Structures are given as structure tokens and as C-alpha cells.
Amino acid sequence: MTDAPTKITPLPLDPRTYDRALSCVHCGLCLPACPTYTQTFHEGDSPRGRIQLMRGLAEGVIEPTESVRKHLDLCLDCRACETACPSGVVYHELIEETRELLNRDVKLTLQGRFMQWIFFHVFIYPTRLKLALLPARLMQKIGLYGLLRRIGLFKLLPAQLRKMEQMLPAHGKVWPARLPKMMPAQNAPGATISSDPKTIVAFFPGCIGSVMFEKVNRQTIELLNACGADVRVPRAQVCCGAIHHHNGHWEPARDFARQNIGALMGTGNTAPTFIATNIAGCGAMLKDYDHLLRDDPQYADRAKLFSSRVRDISEVLAELGLPEMKHPV
């Protein structure tokens with residue numbers, strides 16, 4: 001007598017999301033675009049391989065084993081596969097919803113809980129991030145930080161913290177100032193619509209961007225002003241929600257989306273022509289608010305309008321037209 005097969009509990013995807021998986025024809029054109037596949041050359045680390053895994057989980061064909069979770073966790077959600085896909089598979093909707101389902105019963109290690117706390121309670125709050133970086137910035141200013149790195153002290157850090165330390169810019173202000181709430185347009189010659197008073201850009205500086213790349217944000221606003229746009233940086237805006245959303249925590253991401261829609265959209269004469277950012281990850285998340293809130297009766301229409309106005313900085317500059325450059329570029 002043989003044991004009865006163990007019944008597998010499926011992780012059903014929203015039908016609209018599941019249909020995305022059915023669009024994949026397994027052609028393999030996504031493989032060279034996937035940063036994890038090009039490192040491991042494992043089919044489970046490719047977009048089409050992960051789609052098969054996610055379909056298997058949704059249909060109850062496979063279990064969410066440690067191996068399956070690892071292949072899905074390795075995905076960077078960079079969406080490079082989407083630009084390479086001839087079938088137009090919207091891959092990120094699949095991976096993000098599957099992660100949300102898997103996250104419901106996940107049990108993190110102590111280190112995992114610590115890293116999640118850093119991501120969810122430090123990185124997304126600029127003031128807290130400034131405080132966390134303050135010792136490192138002070139040591140950089142007095143020349144001690146480079147010495148500690150040369151003698152290998154940072155190698156004692158846990159692996160994930162060590163990787164984060166390696167990405168810290170070598171230079172930066174000890175305490176970056178907040179951007180002004182309003183920076184008016186300049187009458188720059190050559191800007192296509194510099195005289196149009198209705199060109200308003202609501203600028204999204206980002207959580208980490210506003211701390212580590214504050215100079216880039218200021219230069220972005222100066223260029224927008226030179227192109228003839230009034231730039232507003234509403235104080236009420238918050239994290240875009242990408243960190244939570246990519247890690248399967250959808251409800252906090254939705255809360256952030258609602259707050260940003262209220263803060264950035266404005267009303268009447270304050271409504272922006274564009275909502276702009278110079279951060280690719282934040283921009284992709286902001287453009288996805290219509291998907292994130294599609295089932296929210298109070299915000300679905302507002303989210304769709306919001307997403308339609310989101311632009312990367314390069315898109316805004318292309319539409320406004322660059323002013324005459326005073327120096328060679």
C-alpha cells in the first residue's frame with residue numbers, strides 16, 4: 001500500500017495577473033537582459049523560468065520550497081526583461097503578487113528581521129537615514145572612514161550590511177538640507193515653453209535620493225527652472241512604496257501611494273503638468289500606482305490620472321526643450 005500523495009495548496013494569482021503568465025511564449029529573448037540569469041545561467045533564475053515557477057505555485061503543481069523561494073527572491077524586479085519581451089509580458093506584476101502571497105507565511109531569521117527593519121523603518125524616512133549616516137559622514141570629513149576601510153574593519157560586518165557600506169558614496173554633506181517647497185521658472189532663452197505659466201512640475205526627490213544624492217536633485221530642479229517650469233516639492237509626500245511593494249508588503253505600499261497622490265496632485269491651479277523624478281526605481285513605482293490601486297473605489301481614477309502625469313526627468317526635458325547652454329556639455 002502506497003501513501004496518498006500530499007495535497008499541495010495553490011497560491012492563486014489574481015486572474016488579471018495570471019493572464020500575464022499566459023502571454024509568455026518561452027522564446028528566450030529575455031535571457032540576455034536578465035542580470036541574475038547572466039550570472040548563474042540557471043533556467044530557474046531567468047524570467048521565463050520564474051514565470052513557470054509562479055504558474056506552478058498558482059496552479060498547485062509545485063510547493064513553495066526553499067529552492068523555489070530562492071529563485072524568486074533572486075529576482076531584482078529590474079524589469080529589463082519587459083523591454084526585451086516581444087509578447088509584452090508584464091513580468092513585474094507576476095513577481096510582485098507572488099511575493100506578496102509567499103510573504104504571508106514567511107519566517108525571517110534574526111538577521112532578516114534586522115535588515116527588514118532597516119529597510120522599512122530607516123531607509124524610507126530621510127531624517128532617520130541622515131541620523132544613521134551621520135557617524136559615517138563625520139568620519140569621512142575627518143579622514144577616518146577611509147582608514148577604517150583600508151584596514152578591513154568593515155569586513156567584520158554581516159554580509160548584507162557590508163554590501164550596503166560599499167555602496168555609500170565617498171563624499172556627501174554631513175546633513176543635507178531639504179529642498180525648497182517652491183522654485184519658480186527662469187526666463188531662459190531657447191526653452192520651448194519658458195513663458196507658459198501653467199508648466200508646473202511636482203518633483204519627487206526620493207527617500208535615499210534626497211539624502212545621498214541631494215546635489216543631483218538640486219541640479220535637476222535648476223535645470224527644470226531653466227527650461228521654464230515652476231518646480232514644487234510638496235512637504236507631505238512620502239516614500240514611493242517600492243521597497244515594501246517589491247518585498248510583498250502591499251498594504252503599506254498602497255498607503256504610501258494614497259498619501260503621494262494627495263500630496264503631489266494638488267487641485268485647480270496647483271495641479272502639476274508633470275510629476276517628475278530622476279530616480280528610475282521610484283519613477284517606475286509612481287507610474288504603477290494605477291495598477292496598485294485599481295481596486296480602490298476612492299482612488300482608482302485618481303491613481304490613473306496620477307500615473308499618466310508621471311515622467312522621468314529625461315522625458316520632461318524632452319517635452320520642455322532645453323535652454324541655450326552657457327557652457328560646453
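Student: In which sense do strands E2 (residues 200-203) and E4 pair, and over how many bridges?

Tutor: E2 and E4 pair in the parallel sense, over three bridges. Two strands count as paired if DSSP finds at least two bridges between them. Strands (E, at least two residues) and helices (H or I, at least four) are DSSP runs, numbered from the N terminus.

Student: What should I know about the model and its numbering?

Tutor: This is a predicted model, in which local features need pLDDT of at least 70 and side-chain atom pairs count only at pLDDT 80 or more, while totals for chains, interfaces and linings use all residues. Residues are numbered from 1 along each chain as its sequence is written, and side-chain values use heavy atoms, leaving out hydrogens and water.

Student: Which other strand is joined to E4, and by how many bridges?

Tutor: Strand E5 (residues 310-312) is joined to E4 by three bridges, and the two run parallel. Thr 277 has Asp 312 in E5 as its bridge partner.

Student: How do I read the two faces of E4: covered or open?

Tutor: In a regular strand, side chains alternate between the two faces of the sheet. In E4 (residues 274-277), both faces are covered. Phe 274 and Ala 276 lie on one side, Ile 275 and Thr 277 on the other, and all are buried. Buried means under 20% relative accessible area, exposed over 50%, and partly exposed in between (1.4 Å probe, protein chains only).

Student: How do I check a helix, say H6?

Tutor: Compare spans. The expected span is 1.5 Å times one less than the number of residues. H6 (residues 91-103) has 13 residues, so it should span 18 Å; its end C-alpha atoms are 18 Å apart, which agrees. H6 is also mostly covered, with 13 of its 13 residues buried.

Student: Is Asn 260 buried or exposed?

Tutor: Asn 260 is buried, at 0% relative accessible area. It is found in helix H14 (residues 250-265).

Student: What does Asn 260 touch?

Tutor: A contact means heavy atoms within 4.5 Å. Leaving out residues up to four places away in sequence, Asn 260 touches Phe 204, Gln 237, Val 238, Cys 239, Cys 240, Met 265, Tyr 289 and Phe 306.

Student: And the whole chain: how many helices and strands?

Tutor: The protein chain has 18 helices and five strands. Buried residues make up 44% of its 329 residues. Of its contacts with a separation of 6 or more, 74% are between residues 24 or more positions apart.
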